[in-house]
Amino acid sequence: MLGGVNGVRKWLPSGLHLLKSVRQLDAVGFDVDHTLTRYTADQWRLWYTLLADTVQQEHGYSAGLSSVPESFLENFARKGLVFDSRTASLLKLRRDGTILRAKKGTRSLTDVEISSLYGESGKFPVEQLRDESEHGLRFIDNNFHAVSMACLARMVDDRPDDSGHLEAMVQSARQTFLPAYGPYFSELFTSPRRYIRPLGQTVKDKLLQLRAENKVLFVVTASPTLEYTGLLLDTTLGDHWREFFHFLVVDAGKPDFFHPSQASNRPFRRFDPATGETTDHLGLLKKGQMYSNGNSASLYRSLQSMLGKEDVRVAYLGDSLMADIHPIASSAGHWQPIAVIDDLSPAANQIGGDRREPWGSIWREGDDETYFTHILRATNAPLVDDIEFIAHI
């Protein structure tokens with residue numbers, strides 16, 4: 001957690017601000033992965049190793065793919081970058097799309113090479129990120145994706161001249177990496193405390209305090225099953241995690257969950273704890289229940305009913321800029337996003353713009369602010385570096 005808030009405020013880019021309080025809110029929602037649930041370095045290593053093993057076994061990549069030092073995952077796998085499968089390149093962008101740093105695999109590209117790939121201006125067409133899958137792009141905005149992109153970079157190193165094969169794999173990345181998910185979930189269920197960091201008592205006390213102040217607390221997660229979400233929350237908050245929240249939603253399908261245009265296509269389904277089955281739920285949500293799917297508009301109407309007021313002030317804490325923060329800010333009406341960004345510490349940002357490091361700060365390059373900073377500022381989301389931050393405000 002941030003050791004010196006005032007120190008962070010001194011270098012935080014203009015227009016970005018830290019969260020000051022949650023007391024003014026009527027309801028607070030939480031993501032699970034990388035928000036309530038924080039992971040150890042062993043989780044990064046586990047996911048990377050399983051991805052490397054998968055492409056070795058399924059696609060014939062070299063056996064050395066999984067042999068990387070810890071510093072590689074700590075320094076190379078960073079948020080705020082763009083992976084362009086068409087050129088097999090990782091890009092750090094200025095707010096206008098100018099390429100600040102670029103790598104093909106893990107090798108830095110020269111200015112001449114960048115110009116040959118993207119024109120003399122050295123600009124990347126950022127408007128293509130609005131439909132990134134159509135163009136073979138991936139904006140890396142969470143740690144899970146960052147580790148996956150680090151593996152893709154090593155795949156480029158292994159086959160530097162096979163960009164066509166790599167582009168096809170990226171465009172069906174979930175299918176490419178699908179065999180890794182089974183062993184990943186199995187290992188987490190076997191040894192959860194090796195990979196998941198429990199929350200301290202101060203956060204638990206804060207959640208109970210907020211409930212005592214008649215605020216509605218809830219969880220909305222893209223995690224696919226109640227069983228898996230329960231494992232994460234059991235390890236994070238203990239066996240009695242349900243006492244902290246009024247209701248829970250899994251398999252939320254973010255970012256569509258936050259888009260009003262999708263509301264009619266995304267009804268809630270309610271879990272029956274007696275049978276373990278789900279049924280369509282078309283009415284208001286109820287406290288003490290567990291749901292799947294759904295949409296933010298129906299959830300907001302449920303909060304109005306629970307709180308007995310028309311104007312409900314609701315915030316949602318999430319770590320993904322493109323799945324949580326940006327869609328809430330642009331589409332979800334009365335909702336306020338709160339961004340959980342673990343790259344707030346000075347150590348993670350190298351504010352001098354050290355060119356020896358793979359990427360430098362996610363916020364800027366010298367005097368130039370990054371595309372990540374630009375998009376985050378546009379959301380007007382207050383920032384925290386860790387969920388434990390809320391225990392001290």
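Student: In what sense do S9 and S10 pair, and over how many bridges?

Tutor: S9 and S10 pair in the parallel sense, over three bridges. Strands count as paired if DSSP finds at least two bridges between them. The names come from DSSP runs numbered from the N terminus: helices are H or I with at least four residues, strands are E with at least two. Bear in mind that this is a predicted model, where local features need pLDDT of at least 70, side-chain atom pairs count only at pLDDT 80 or more, and totals for chains, interfaces and linings use all residues. Residues are numbered from 1 along each chain as its sequence is written, and side-chain values use heavy atoms, with hydrogens and water left out.

Student: Which way do the S10 residues point?

Tutor: Phe247 and Val249 go one way, Leu248 and Val250 the other, and all are buried, meaning under 20% relative accessible area.

Student: What sort of unit do S9, H10 and S10 make?

Tutor: A right-handed β-α-β unit. Right-handed here means that, with the strands pointing away from the viewer, the path from the first strand over the helix to the second runs clockwise.

Student: And Thr221, where is that?

Tutor: Thr221 sits in the loop between S9 (216–220) and H10 (226–237). Thr221 is buried, at a relative accessible area of 1%. Beyond its neighbours within four places in sequence, its contacts (heavy atoms within 4.5 Å) include Asp31, Val32, Val249 and Asp251.

Student: Switching topic: what's the strand order in the five-strand open sheet?

Tutor: S6-S5-S4-S3-S7, with antiparallel pairing. The edge strands are S6 (107–108) and S7, each pairing on one side only. S5 (residues 99–104) and S6 pair over two bridges, and Lys103 stands opposite Ser108 in S6.

Student: How many residues of H5 are buried?

Tutor: 12 of its 16, so H5 is mostly covered, given the under 20% cut-off. Among them are Met149, Cys151, Leu152 and Arg154.

Student: What caps the N-terminal end of H5?

Tutor: Asn142, with a side-chain oxygen 3.1 Å from the backbone nitrogen of Phe144.

Student: Last one: what happens just after H13?

Tutor: Asn380 takes a positive phi of about 60° there. Within H13 (residues 371–379), the buried residues include Tyr371, Phe372 and Leu376.

Terms used. Buried means under 20% relative accessible area, exposed over 50%, partly exposed in between (1.4 Å probe, protein chains only). A polar contact is a pair of N or O atoms within 3.5 Å; within protein, one must be able to donate a hydrogen and the other to accept it, and residues adjacent in sequence count only if both atoms are side-chain atoms.
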